Amino acid sequence: MDFPQNFLRFLVSASRVAILTGAGVSQESGLKTFRDAQTGLWAQYKPEDLASPEAFVRDPKLVWDWYAWRREAIKGARPNPGHYALVEMEKRIPEFTLITQNVDGLHRFAGSQNVLELHGNIQKVRCSQCGTFAETWDDDSESVPACEICGGALRPDVVWFGESLPRDGLESAVNASRSCQVFFSIGTSGVVQPAAALAHAARNNGSVVVEINAEPTPLTPTVDFAFHGKSGVILPELVRAVWNS
Ligand code: BV8
Ligand code: ZN
């Protein structure tokens, strides 16, 4: 991938960078993106119809089993070169904020430090009633596992559609987007709000906005630089081009 010289010169001198990642960054780790995640038994459901409080009230076991299935898929997944390139970038940029919509935990697994998990983490499970986090639970139980403290139904510690994002995480993400010199939108279709608004906050702040994605998105016409292809290929090439490593 040929990167414009002015882009490389700007990035090598940047001290404040914010990154927003989506499911596309984990696609090369073998995790299907949110849009095409549904296969086999789950093909008949749309994610939006399962990832919601209403779905959990209507059929808690169905929703619980969908997350148990996704946790299994993540157990076999490993970070890909795109995750590791972001770890390298963080080492070289003084103020680096990695904002992710992904709930798979792969950024932290790869070694990224300053990670904001806007939509939570599927590996964590909490009580839907008292909020207590569960250390262990039986993924194969006939019914949804119950909280040891209050007996309430356990649920994944993720943000469902219609639920608010964790306030402190969102606030930090907005602040980073507003104060960065360069904002990257990587592997996201830029549809889900309020995460998708972060790129606009960056642009309004005068940041250079960069998109790295397999295909064009609604964001593409508004960015300063768009690189279309696999993030697991482009990101390592970018790190080599900027920091010769
Ligand atoms: C809220 C956790 C309200 C759960 C997730 C109408 C208009 C605007 C907004 C709304 C609306 N109707 C409803 C809303 C709000 C709603 C929303 O945005 N809906 C969308 C569908 C329009 N948002 C919410 O409900 C949020 N909460 O608004 O609260 C509120 C306000 C005040 C008070 C109370 C309540 C909550 C949103 C969070 C939902 N939870 N995840 C779970 O995972 O089960 S979102 C979920 O979907 C994922 O986490 C992810 O964030 C999102 C999918 O998006 P992407 O990551 O972008 O993935 P996608 O598959 O779409 O795209 C992947 C991209 O990668 C593609 O472009 C592809 O080309 C590219 N790609 C693929 N391979 C590669 C690649 N790129 C590079 N390399 C590759 N190899
Ligand atoms: Zn409880």
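User: What makes β3-β2-β1-β7-β8-β9 an open sheet, and in which sense do its strands pair?

Analyst: The order β3-β2-β1-β7-β8-β9 contains six strands, and the pairing is parallel. The edge strands, β3 (115-117) and β9 (225-228), each pair on one side only. Strands here are DSSP runs of E with at least two residues, and helices are runs of H or I with at least four, numbered from the N terminus. Two strands pair if DSSP finds at least two bridges between them. On average, neighbouring strands of this sheet are turned by 15° against each other, direction ignored; the axes are lines fitted to C-alpha atoms (for helices over the stretch in contact), with angles from 0 to 180 degrees between N-to-C directions.

The model is predicted: local features need pLDDT of at least 70 and side-chain atom pairs count only at pLDDT 80 or more, while totals for chains, interfaces and linings use all residues. Residues are numbered from 1 along each chain as its sequence is written, chains are lettered from A and ligands numbered from 1 in the order in which they are written, and side-chain values use heavy atoms, with hydrogens and water left out.

User: How do you know that β7 and β8 pair?

Analyst: Strand β7 (residues 182-186) and strand β8 (residues 208-213) share five bridges in the parallel sense, against a requirement of at least two. S185 stands opposite E211 in β8. On to β9, β8 pairs in the parallel sense over four bridges, and I212 has F227 in β9 as its bridge partner.

User: Why is L11 called buried?

Analyst: L11 lies in helix α1 (residues 5-13). L11 has a relative accessible area of 1%, and is therefore buried under the definition. T21, found in strand β1 (residues 16-21), has 0% relative accessibility and so counts as buried.

User: Why is the site of the zinc ion (ligand 2) called tetrahedral?

Analyst: The zinc ion (ligand 2) is coordinated by C127 (SG), C130 (SG), C147 (SG) and C150 (SG) at 2.2 to 2.3 Å. Donors are N, O and S atoms within 2.8 Å of the metal (3.2 Å for Na, K and Ca); water is not among the atoms, so sites may look incomplete. The angles among the four donor atoms are 99 to 118°. Four donors count as tetrahedral if all angles lie between 85 and 135 degrees, so the site of the zinc ion (ligand 2) is tetrahedral.

User: How are the donor residues of the zinc ion (ligand 2) spaced in sequence?

Analyst: The spacing is C-x2-C-x16-C-x2-C. C130 lies in the loop between β4 (120-127) and β5 (133-134), and C150 in the loop between β5 and β6 (154-158), so the pair ties together parts that are 20 residues apart in sequence. C130, at a relative accessible area of 37%, is partly exposed, and C150 counts as partly exposed at 40%.

User: What lines the largest pocket?

Analyst: About 1100 Å³ of space lies in the largest pocket. Among its 50 lining residues, A23, T33, F34, R35 and N102 are the closest to its centre. On a 1 Å grid over the protein atoms alone, a pocket is an open set of points with protein on both sides within 12 Å along at least five of seven lines, where a 1.4 Å probe fits; lining residues have an atom within 4 Å of a point. The elements giving two or more residues to the lining are α2 (24-27), α5 (60-75) and β8, and α5 gives the largest share, five residues.

Note on methods. Tetrahedral: all angles 85-135°; square planar, octahedral: opposite > 155°, others 65-115°. Buried < 20%, exposed > 50% of the residue type's maximum accessible area, 1.4 Å probe, protein only. Points joined across faces, edges and corners; volume = space filled by probe spheres on them.
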